Amino acid sequence: MRYLSICSGIEAASVAWHSLGWTAVAFAEVERFPAAVLEHRFRDVWNAGDLHDVGEYVSCGIIEAPDVLVGGTPCQAFSVAGARRSLEDARGNLSLVFCELANVIDQHRRTEGKEPSIIVWENVPGVLSTKDNAFGCFLAGLAGEDIPLVPPRPRWSNAGVVLGPERTVAWRILDAQHFGLAQRRRRVFVVASARAGFDPATVLFEWDGVRRDTAPRREAREDTTGSTGDGIARCLTTGEAKRQEWETCNFVADIAPTLRAGGNVTGGDRPPGTDVDTCESLIAF
């Protein structure tokens, strides 16, 4: 697989995918320090710089239309720690530039007779709850809808799937503490593609249990908070319903309880007083 990494930083994607034999066709990073790190560590990979220019480079054939487009556009505009100007912030608006680049890549690949690309995007959970519905705009851009998608609740759920006219898009919040990092670091991961035989949901969701865990129970349970060994529910899609709920929403963040300083054991990293989020599967036509 050959991938294009945008907003590359010091290039986590290349570190993660090196053992798979995947190779980068180009990077796109404008900050001086990470760009210097990229030049030092990846001398054979061109740093194209500004993300706004990358689509033109792909259209002209300067950059190969890759098998995978990966990147985490700047999070400052969506983070609850900032001003949250969202898409009004030039950094937040780069999420829509990312969608445009994905469309350029797939258009170029079609002309070359190649399969559509696979798209991987990452950002902070705050993007799910902006006042301007930034995530709905982002989903629409990837799915191929003309207007922003609207969440069924005041905010987007922690996980879900959209079937659009152009692509299937799946998203899910994952916490780095469950993947070998000694800290909580919750992020939204999005996988999207129009490739035949490739289902983005199978990348982000495990139907028969979590790694190193037993298979999930199928009977109804009243409380999922802080429990272990119940895995992640199956997606009950029929292809006809406009909205469907997952069987259970016992995600990784809720499977491993966390011992806090006060001695209380709680499940997941969510604001006090909130219930376990319902994971809804949205089908948009």
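Biologist: Which residue caps the N-terminal end of α4?

Modeller: Asp89 caps that end of α4, with a side-chain oxygen 2.8 Å from the backbone nitrogen of Arg91. Such a polar contact is a pair of N or O atoms within 3.5 Å; within protein, one must be able to donate a hydrogen and the other to accept it, and residues adjacent in sequence count only if both atoms are side-chain atoms. Helices (H or I, at least four residues) and strands (E, at least two) are DSSP runs, numbered from the N terminus.

Biologist: What kind of model is this, and how are its residues numbered?

Modeller: This is a predicted model, in which local features need pLDDT of at least 70 and side-chain atom pairs count only at pLDDT 80 or more, whereas totals for chains, interfaces and linings use all residues. Residues are numbered from 1 along each chain as its sequence is written, and side-chain values use heavy atoms, with hydrogens and water left out.

Biologist: How many helices and strands does the protein have?

Modeller: The protein has 7 helices and 11 strands. Of its 285 residues, 47% are buried; buried means under 20% relative accessible area, exposed over 50%, and partly exposed in between (1.4 Å probe, protein chains only). Among contacts between residues at least 6 apart in sequence, 57% join residues at least 24 apart, where a contact means heavy atoms within 4.5 Å.

Biologist: How is the span of helix α4 to be read?

Modeller: The expected span of a helix is 1.5 Å times one less than its number of residues. Helix α4 (residues 90–111) has 22 residues and should therefore span 32 Å; its end C-alpha atoms are 31 Å apart, which agrees. Just after α4, Gly113 has a positive phi of about 75 degrees.

Biologist: What do the buried residues of α4 pack against?

Modeller: The buried residues of α4 include Leu94, Val97, Phe98, Leu101 and Ile105, and also the polar residues Asp106, His108 and Arg109. They pack against β1, α3 (51–59), β3 (68–71), β4 (118–123) and α5.

Biologist: How does one describe two packed helices?

Modeller: Two packed helices are described by the angle between their axes and the distance between the axes. Axes are lines fitted to C-alpha atoms, for helices over the stretch in contact, and angles run from 0 to 180 degrees between N-to-C directions. Here the axes of α4 and α5 come within 9 Å and cross at roughly 5 degrees. That makes α4 roughly parallel to α5, since angles under 35 degrees count as roughly parallel, over 145 as roughly antiparallel, 65 to 115 as roughly perpendicular and the rest as oblique. On the α4 side, the contact is made by Ser95, Leu96, Phe98, Cys99, Ala102 and Asn103; α5 contributes Cys137, Phe138, Gly141 and Leu142.

Biologist: How many of the residues of α5 are buried, and what covers them?

Modeller: In α5, 8 of the 10 residues are buried, and the helix is mostly covered. Among the buried residues are Phe135, Phe138, Leu139 and Leu142. The covering elements include α4, β4, β5, β6 and β7 (186–193). Gly144 follows α5 with a positive phi near 95 degrees.

Biologist: How is a pair of aromatic rings described?

Modeller: A pair of aromatic rings is described by the distance of the centres and the angle of the planes. Rings of Phe, Tyr and Trp (its six-membered ring) pair if their centres lie within 6.5 Å; planes under 30 degrees apart count as stacked, over 60 as edge-to-face and the rest as tilted. The whole structure holds 10 aromatic pairs. In one of them, Phe135 and Trp156 have ring centres 5.8 Å apart and planes at 75 degrees, so the pair is edge-to-face. This pair links distant parts of the chain, 21 residues apart: Phe135 lies in helix α5 (residues 134–143) and Trp156 in the loop between α5 and β5 (159–163). Both residues, Phe135 and Trp156, are buried.

Biologist: How far apart are the ring centres of Phe135 and Trp171?

Modeller: Those centres are 5.4 Å apart with the planes at 75 degrees, so Phe135 and Trp171 also form an edge-to-face pair. Trp171 belongs to strand β6 (residues 168–175), 36 residues from Phe135. Phe135 is buried, at a relative accessible area of 0%, and Trp171 is buried, likewise at 0%. One aromatic cluster is formed by Phe98, Trp121, Phe135, Phe138, Trp156 and Trp171.
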